[in-house]
Amino acid sequence: MDSINRFLFFLTLQKKVLFFKKNISQHTDDELLQYYVKSGKKEYFGELYNRYIPLLYGVCLKYLRDEPRAQDAVMELFEELLPKVANYEIKTFRTWVYRVVKNHCLQILRREKKEIPLDYTVHIVESDEFLHLLCEEEGEEAQLEALHHCLKKLSEPQRISIRHFFMEEMSYADIVEQTGFTLNNVKSYIQNGKRNLKICIKNQLKG
C-alpha cells in the first residue's frame, strides 16, 4: 500500500470511529474507557480505538496477509467491540486490544480453514495466568517449544478447554455451549490442565 492509499485508509477509519467532542483527545486511555463504560457514548471509545488503528492494522496484515482484508477486519472489530467492551475487565487497553485483534484474525482464518501462523500460541505465553508457568531466564523460543510440546501432552478435553479459555478468551458458559462439557468439567479441565502444563513446562525447560 503506497503512502497516499495508506493515508486515505486511515482517514476513512478515523471518520468511522471518531465523533466530535471538545478536548476528548486529552484524556488518557483509562479515562476514555471509563467514560465509555459509564455513559455508553461512542465518541469515547471511538477516540480510544483510533489511537491504536495503526497497531491493529499491522497485526491484521501480519495474520491475514492481505491489505483489503486487514482493513475490513479492523473496521469489523470496532463494530463488534462497541456493545461488548463494557463487559470486560481491562487493565491496560493496549495490551488487551492487541490480544483481541490477534484472536479476531485467528478466528477469521479458522472460519476460512486457512493456515494459522505458528506464533498463535504467543497469546498464551503473554497471558498473566500463564506467566508463572515459564522460567524468566528462558528465551521466548524455548518457552514456545516447551508450550507446544506440553499442550500436545494434555488430554483432549483439557487441551480444548485451555485453548478456548486462554487463547480465545471464552467464558466458562461459552465453553460449555461450544463443547457440550458440563460447567464443573470445564472448570476441572482448566484447573488440571494448568497444573499439568506447569509441571511439564518446568521439566522441559530444565531438560
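## Some words to start with

Buried means under 20% relative accessible area, exposed means over 50%, and partly exposed is anything in between (1.4 Å probe, protein chains only). A salt bridge is a side-chain nitrogen of Lys or Arg within 4 Å of a carboxyl oxygen of Asp or Glu.

This is a predicted model, where local features need pLDDT of at least 70, side-chain atom pairs count only at pLDDT 80 or more, and totals for chains, interfaces and linings use all residues. Residues are numbered from 1 along each chain as its sequence is written, and side-chain values use heavy atoms, with hydrogens and water left out.

## Arg-51 and its partners

You'll find 3 salt bridges here. One of them pairs Asp-29 with Arg-51, at 2.7 Å from N to O. These two sit 22 residues apart, with Asp-29 in helix H2 (residues 29-39) and Arg-51 in helix H3 (residues 42-51). Helices are DSSP runs of H or I with at least four residues, numbered from the N terminus.

Arg-51 also bridges to Glu-47, with the closest N and O atoms 3.2 Å apart. That pair is 4 residues apart in helix H3, so about one helical turn separates them. Arg-51 is partly exposed at 28%, while Asp-29 is buried at 18% and Glu-47 is buried at 10%.

## The Glu-112 and Arg-69 pair

Glu-112 and Arg-69 meet in a salt bridge too, at 2.5 Å from N to O. Glu-112 is in the loop between helix H6 (93-111) and helix H7 (122-126), and Arg-69 is in helix H5 (residues 67-81), so the bridge ties together parts 43 residues apart in sequence. Glu-112 is partly exposed at 35%, and Arg-69 is partly exposed at 25%.
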